[in-house]
Amino acid sequence: MKELTKAEEEIMQLLWQLNEANVATLIEEMPEPKPAYNTVSTIVRILENKGFVGFRKEGRGHIYYPLIEKDSYSKFSMTKLLNNYFDGSVKSMLSFFVKKNDLSIRELEEVLSEINKNKK
């Protein structure tokens, strides 16, 4: 799987949320200042070439939809983050986030509970 740029990921987030959309709909859902139609169209074609997006013809246009599930890309991204910044150590990553985000005891207990639930 290939890594996405920030712009590509923004489009994918919208497609994962909407399930399918044409370029005009994607632009409608984007925050101000809205990008140009050609910019979004180009990014969608790049995503298509990377194998992230498929399309079907509808009238004179195209309806785009995700080919890669959000969970699959999330797992890929988190594994890359873990390996590149924390030498593959989940403990190091969690320690980093605990220190930088000033988590409360309650939040830590919720994380531990989630970890224990997933181990069973």
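What follows is a short exchange about this predicted model.

Visitor: How many helices and strands does the protein have, and in what order do the elements run from the N terminus on?

Guide: Happy to start there. The protein has six helices and two strands.

Visitor: Is the protein a compact globule or more spread out?

Guide: Let us take the dimensions to begin with: the C-alpha trace spans about 55 × 30 × 25 Å along its principal axes. For 120 residues the globule rule gives 14 Å, whereas the radius of gyration here is 18 Å, well over that value, so the protein is more spread out than a compact globule.

Visitor: What share of the residues counts as buried?

Guide: Buried means under 20% relative accessible area. Of the 120 residues in the protein, the share that counts as buried is 22%.

Visitor: Which element gives the most residues to the largest nonpolar core?

Guide: That core has 19 residues, and those with the most contacts inside it are Ile11, Met12, Leu15, Leu26, Val40, Leu47 and Val53. The elements that give two or more residues to it are α1 (6–18), α2 (23–29) and α3 (37–49). With five residues, the one that gives the most is α1.

Visitor: How are α1 and α3 oriented to each other?

Guide: Their axes come within 10 Å and cross at roughly 85°. Angles of 65 to 115 degrees count as roughly perpendicular. That makes the orientation of α1 to α3 roughly perpendicular.

Visitor: How many charged residues are in the contact of α1 with α3?

Guide: On the α1 side the contact is made by Ala7, Glu8, Ile11 and Met12, and on the α3 side by Val40, Ile43, Val44, Ile46 and Leu47. By class these residues divide into eight nonpolar, no polar and, for the charged class, one.

Visitor: Does Glu8 count as buried or exposed?

Guide: Glu8 has its place in helix α1. Not counting residues up to four places away in sequence, Glu8 touches Glu3, Ile43, Ile46, Leu47 and Lys50. Its relative accessibility is 5%, so Glu8 counts as buried.

Visitor: How many nonpolar residues does the contact of α4 with α5 have?

Guide: Helix α4 (residues 70–86) and helix α5 (residues 90–101) pack at an angle of about 90°, with their axes 9 Å apart, and are therefore roughly perpendicular to each other. Met78, Leu81, Leu82 and Phe86 of α4 make the contact with Val90, Ser92, Met93 and Phe96 of α5. By class, this contact has no charged residues, one polar residue and, for the nonpolar class, seven.

Visitor: What is the phi of Asp87, and where is Asp87 found?

Guide: Asp87 is exposed, with a relative accessible area of 75%. Although it is not a glycine, Asp87 has a positive phi of about 50°. As for its place, Asp87 is found in the loop between α4 and α5.

Visitor: Does Asn19 count as buried or exposed?

Guide: Asn19 is found in the loop between α1 and α2. Asn19 is not a glycine, yet its phi is positive, at about 75°. Exposed means over 50% relative accessible area, and at 55% relative accessibility Asn19 counts as exposed.

Visitor: One last thing: what is omega for the cis peptide bond that joins Glu32 and Pro33?

Guide: Pro33 lies in the loop between α2 and α3. For the cis peptide bond that joins Glu32 and Pro33, omega is about -10°.

Definitions and conventions
Residues numbered from 1 in each chain as written. Predicted model: local features only at pLDDT ≥ 70, side-chain atom pairs only at ≥ 80, totals over all residues. Heavy atoms only, no water. Axes fitted to C-alpha atoms, helices over the stretch in contact; angles between N-to-C directions. Helix = DSSP H or I, 4+ residues; strand = E, 2+ residues; numbered from the N terminus. Parallel < 35°, antiparallel > 145°, perpendicular 65-115°, else oblique. Contact = heavy atoms within 4.5 Å. Nonpolar A, V, L, I, M, F, W, Y, C, P; charged D, E, K, R; others polar. Core = buried A, V, L, I, M, F, W, Y, C linked by side-chain atoms within 4.5 Å. Buried < 20%, exposed > 50% of the residue type's maximum accessible area, 1.4 Å probe, protein only. Rg over C-alpha atoms; globule rule 2.2 N^0.38 Å.
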